[in-house]
Amino acid sequence: MSEASPFLPTPRAKKASVRAARLAGAQWGVISARQLRACGVGWSAAGRWRAAGKLHVIHRGIYALGHPSIPVEGQLVAALIHAGPDAALSHVTAAWWWGLIQEQPGRIEVSSPSRARSLPEVLVHHPMQLEQTRQRRFPITTVARTLVDFAATEPLNRVRTALAQADYKRLLDVQEVEAALRRGRPGSANLRKAIERHQPK
């Protein structure tokens with residue numbers, strides 16, 4: 001009776017590979033080192049996968065599985081994984097994902113309660129409170145919070161455009177937005193001006 005070749009993957013390794021592929025497939029090709037371990041892919045196996053070109057580094061401990069090119073959704077997933085549990089798309093990225101602006105931002109912005117640091121490709125914010133929901137499968141700041149955060153860094157004309165788009169898409173709840181306007185919160189004054197011009201008395 002011949003022995004199995006040592007170069008062939010074991011049944012256990014095959015199962016781990018299948019689990020990892022399924023998970024990455026649900027995340028637009030992205031998987032983290034922690035998720036790989038949870039699937040049964042150990043450090044040594046992950047190293048072999050990287051050497052063989054099966055894993056491609058996106059951020060530290062976060063990979064594209066099978067192919068180095070991932071869609072924008074995969075980039076968002078990678079940014080959220082980097083930012084840690086309970087992170088959400090925010091600021092300009094959230095405004096774009098909600099459809100309030102047309103231009104895809106060059107740098108992904110997320111907000112997180114963790115201590116994750118920003119990267120050249122990912123700007124991580126650490127707000128005291130994080131009002132979030134889900135939009136097209138992604139955790140994201142609420143429209144009201146998105147508008148406040150967007151107004152903190154964008155000129156008034158772009159804030160007014162985003163506000164008008166939120167209204168057009170029936171996403172705008174003026175009372176909710178006004179409740180999000182707090183004294184001293186960045187963006188509140190700019191957004192308040194935009195609301196006054198959007199709904200003149």
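Because the model is predicted, local features need pLDDT of at least 70 and side-chain atom pairs count only at pLDDT 80 or more, while totals for chains, interfaces and linings use all residues.

**Stop 1: the largest pocket**

Select Gln35, Leu80, Ile81, His82 and Gly84. These lie nearest the centre of the largest pocket, out of 26 lining residues. A pocket here is an open set of points on a 1 Å grid over the protein atoms alone, where a 1.4 Å probe fits, with protein on both sides within 12 Å along at least five of seven lines; lining residues have an atom within 4 Å of a point. The volume is about 560 Å³. That volume is the space filled by probe spheres set on the points, with grid points joined across faces, edges and corners.

Now colour helix H2 (33–39), helix H4 (72–83) and strand E8 (138–141). Each supplies at least two residues of the lining. Helices (H or I, at least four residues) and strands (E, at least two) are DSSP runs, numbered from the N terminus. Which element gives the largest share of the lining? H4 does, with five residues. By class, the lining has 13 nonpolar, seven polar and six charged residues. Ala, Val, Leu, Ile, Met, Phe, Trp, Tyr, Cys and Pro count as nonpolar, Asp, Glu, Lys and Arg as charged, and the others, Gly among them, as polar.

**Stop 2: the E2–E3 hairpin**

Select residues 55–59 (E2) and 62–65 (E3). The two strands run antiparallel, joined by four bridges; pairing requires that DSSP finds at least two bridges. Two residues sit between the strands, and Gly61 takes a positive phi near 75°.

Centre on His59, in E2. His59 stands opposite Ile62 in E3. Is His59 buried or exposed? His59 is buried, at 7% relative accessible area. Buried means under 20%, exposed over 50%, and partly exposed in between (1.4 Å probe, protein chains only). Not counting residues up to four places away in sequence, His59 touches Ala78, Ala79, His82, Leu119, Glu121 and Val122. Contact means heavy atoms within 4.5 Å.

**Stop 3: two loop residues**

Go to Arg107, in the loop between helix H5 (91–98) and strand E5 (108–111). Arg107 is partly exposed, at 33%. Beyond four places in sequence, the residues that Arg107 touches include Thr93, Ser118 and Pro120. Draw a C-alpha distance from Arg107 to Val92: 9.0 Å, across 15 residues of sequence.

Next, Met128, in the loop between strand E6 (122–125) and strand E7 (132–135). Met128 is exposed, at 87% relative accessibility.

**Stop 4: helices with a buried side**

Select H3 (residues 43–51). Ala45, Ala46 and Trp49 are its buried residues. They cover an arc of only 100° around the axis, so they lie on the same side of H3. The arc is taken from the directions from helix axis to C-beta atoms. Turn to the opposite face for the exposed Trp43, Ser44, Arg48 and Ala51. Gly53 follows H3, with a positive phi near 80°.

Finish at H9 (residues 188–198). Ser188, Asn190, Leu191, Ala194 and Ile195 are buried. Their arc is only 160°, which puts them on the same side of H9. The cover over them includes helix H6 (143–151), helix H7 (156–168) and helix H8 (174–180). The face turned away carries the exposed Ala189 and Glu196.

How values were computed. Residues are numbered from 1 along each chain as its sequence is written. Side-chain values use heavy atoms; hydrogens and water are left out.
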